[in-house]
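Please go through the structure below. The report that follows covers its strands, its ligand shell, a helix pair and some backbone details.

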Amino acid sequence: PGLDILAKRAGLLYFGTAIDNVVLNNTAYVSIAHNVSEFGQATPSNGQKWMYIEPQQNVFNYSMADAIMKPAKEAGQMRRCHTFAWHSQLPDWVNNGNWTKETLTAVLENHIKNEAQYFKDDCYAWDVVNEAFEDDGSLRNSIWLQVMGPEYIELAFKWARQYTGNGTRLYYNDYGIERVNNKSLAVAEMAKDFIARDIPIDGVGLQAHFTVGRAPTYDEVSAALTLFDDLKLETALTELDVRILLPDSPEKQELQAEVYTNATKACVDVAECVGVTVWDFWDPVSWVPESFPGYGNACLLDDDLQRKPAYYAIEKML
Ligand code: XIL
């Protein structure tokens with residue numbers, strides 16, 4: 001029946017996918033990407049990032065984002081929007097600007113204001129701040145931290161609330177927080193502090209970029225999700241993929257299937273976990289080979305768009 005239909009029957013709000021602009025000319029890809037029975041939710045892989053949205057200061061361009069958001073809406077897919085404040089994929093004018101605390105603060109507010117208002121009510125959720133922590137639980141030394149100080153995070157959440165519709169869930173999103181460790185504990189501490197001080201935060205996204213042989217178990221993912229469940233925050237697996245050290249083999253694909261299923265099942269079983277998004281469903285579009293040389297085949301469908309063991313395993317588990 002399709003993974004989203006099965007996921008909904010299992011109690012999730014959605015099973016979704018990231019969709020990338022570079023393959024929108026491939027009709028076979030596009031028809032699967034916007035098949036609402038398979039993927040009830042879509043996230044633009046790149047189209048809503050700063051370098052594309054505001055390539056020059058105060059010049060906004062929504063064409064890449066629209067190319068994914070509009071067909072997703074027409075197909076009846078929920079949309080997770082990604083992302084406002086991040087250290088990566090920033091345009092040069094942000095990276096190389098000669099900022100003071102005041103000027104960069106105004107730049108961040110203007111960016112969030114424009115993009116949030118443009119997509120007002122179009123997003124089920126926004127990843128308001130992405131990857132702000134280091135593995136040891138300290139804050140990442142980004143331009144935002146350097147110039148604005150730690151306060152940039154709560155300001156981003158306040159502006160996101162101010163400029164989006166009230167129904168939009170505001171998420172903190174990061175990788176490496178799929179186990180209970182220094183990083184996930186630091187995120188939970190931040191969230192707890194935000195709740196205590198009425199800083200608007202609704203959810204935490206666990207990216208879930210995993211590697212065969214080093215991935216967290218069902219129990220580990222469940223425990224990490226429960227950290228946030230205990231704070232009454234919503235959670236989601238926002239960028240699930242499972243990379244394989246090449247060459248691939250049937251054995252590795254079976255292990256990959258287990259990792260996919262364990263993570264998805266952990267979300268199904270933890271009350272506040274609302275859904276799972278795969279970070280693209282097709283191996284040739286995955287970000288993995290470029291970002292992790294020697295690794296690949298991280299997705300549910302192979303080069304020929306055929307379903308891999310991981311697809312069937314999730315289908316069976318759901
Ligand atoms: C990746 C995209 O998939 C690539 O196409 C792009 O070149 C780099 O970014 N964490 C995130 C995502 O939050 O935005 C990243 O997406 C993958 C890691």
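## Strands and their partners

Six of the six residues of strand 4 are buried, which leaves this strand mostly covered. The model is a predicted one. Strand 4 spans residues 125–130 and runs parallel to strand 3, with four bridges joining the two. H82 has D127 of strand 4 as its bridge partner. Strand 4 also pairs with strand 5, again in the parallel sense, over five bridges. There A125 has R169 of strand 5 as its bridge partner.

Strand 3 covers residues 78–85, and eight of its eight residues are buried, so the rest of the structure largely encloses it. Strand 3 also runs parallel to strand 2 (residues 41–44), and two bridges join them. In that pairing, A42 stands opposite R79 of strand 3.

Strand 5 pairs with strand 6 too. The sense is parallel and the pairing has four bridges. N173 finds its bridge partner in strand 6, at G205.

Strand 6 runs from residue 203 to residue 206, and both of its faces are covered. In a regular strand, side chains alternate between the two faces of the sheet. On one side of strand 6 sit G203 and G205, on the other V204 and L206, and all are buried.

The pairings are set out here.

| Strands | Sense | Bridges | Example pair |
|---|---|---|---|
| Strand 2 and strand 3 | parallel | two | A42 and R79 |
| Strand 3 and strand 4 | parallel | four | H82 and D127 |
| Strand 4 and strand 5 | parallel | five | A125 and R169 |
| Strand 5 and strand 6 | parallel | four | N173 and G205 |

## The ligand shell

Which residues surround the ligand? They are S45, N46, N130, Q207, E239 and W287. By class, the shell holds one nonpolar, four polar and one charged residue. Strand 4, residues 125–130, contributes N130 to this shell.

## A helix pair

Helix 9 (residues 182–196) packs against helix 10 (residues 218–229). Their axes are 10 Å apart and meet at an angle of about 15 degrees. Angles under 35 degrees count as roughly parallel, so helix 9 is roughly parallel to helix 10. The crossing of helix 9 past helix 10 is right-handed.

## Backbone details

Two cis peptide bonds deserve a look. One runs from H82 to T83, with omega near 10 degrees. T83 belongs to strand 3. H82 is also the bridge partner of D127 in strand 4. The other cis bond runs from L246 to P247, with omega near 5 degrees. P247 sits in the loop between strand 8 (234–245) and helix 11 (250–269).

Next come two positive phi values. K232 is not a glycine, yet its phi is positive at about 65 degrees. K232 lies in the loop between helix 10 and strand 8. Is K232 buried or exposed? K232 has 11 other C-beta atoms within 10 Å. A residue with 12 or fewer is exposed, so K232 is exposed.

L305 is not a glycine either, and its phi is also positive, at about 65 degrees. L305 is placed in the loop between strand 10 (295–296) and helix 13 (309–317). L305 has 14 other C-beta atoms within 10 Å, so it counts as partly exposed.

## Loop positions and distances

N166 is found in the loop between helix 8 (151–163) and strand 5 (169–174). With 7 other C-beta atoms within 10 Å, N166 is exposed. From N166 to K265 the separation is 99 residues in sequence. In space these two are 30 Å apart, C-alpha to C-alpha.

V36 occupies the loop between helix 2 (27–33) and strand 2. How many C-beta neighbours does V36 have inside 10 Å? The count is 18, so V36 is partly exposed; a buried residue would need 20 or more. V36 and D198 are 162 residues apart in sequence. Their C-alpha to C-alpha distance is 36 Å.

Methods:
Residues are numbered from 1 along each chain as its sequence is written. This is a predicted model: local features need pLDDT of at least 70, side-chain atom pairs count only at pLDDT 80 or more; totals for chains, interfaces and linings use all residues. A residue is near a molecule or strand if its C-beta atom, placed from the backbone, lies within 6 Å of it. Ala, Val, Leu, Ile, Met, Phe, Trp, Tyr, Cys and Pro count as nonpolar, Asp, Glu, Lys and Arg as charged, and the others, Gly among them, as polar. Two strands pair if DSSP finds at least two bridges between them. Axes are lines fitted to C-alpha atoms, for helices over the stretch in contact, and angles run from 0 to 180 degrees between N-to-C directions. Angles under 35 degrees count as roughly parallel, over 145 as roughly antiparallel, 65 to 115 as roughly perpendicular and the rest as oblique. A crossing is left-handed if the near helix is turned anticlockwise from the far one by less than a right angle, and right-handed if clockwise.
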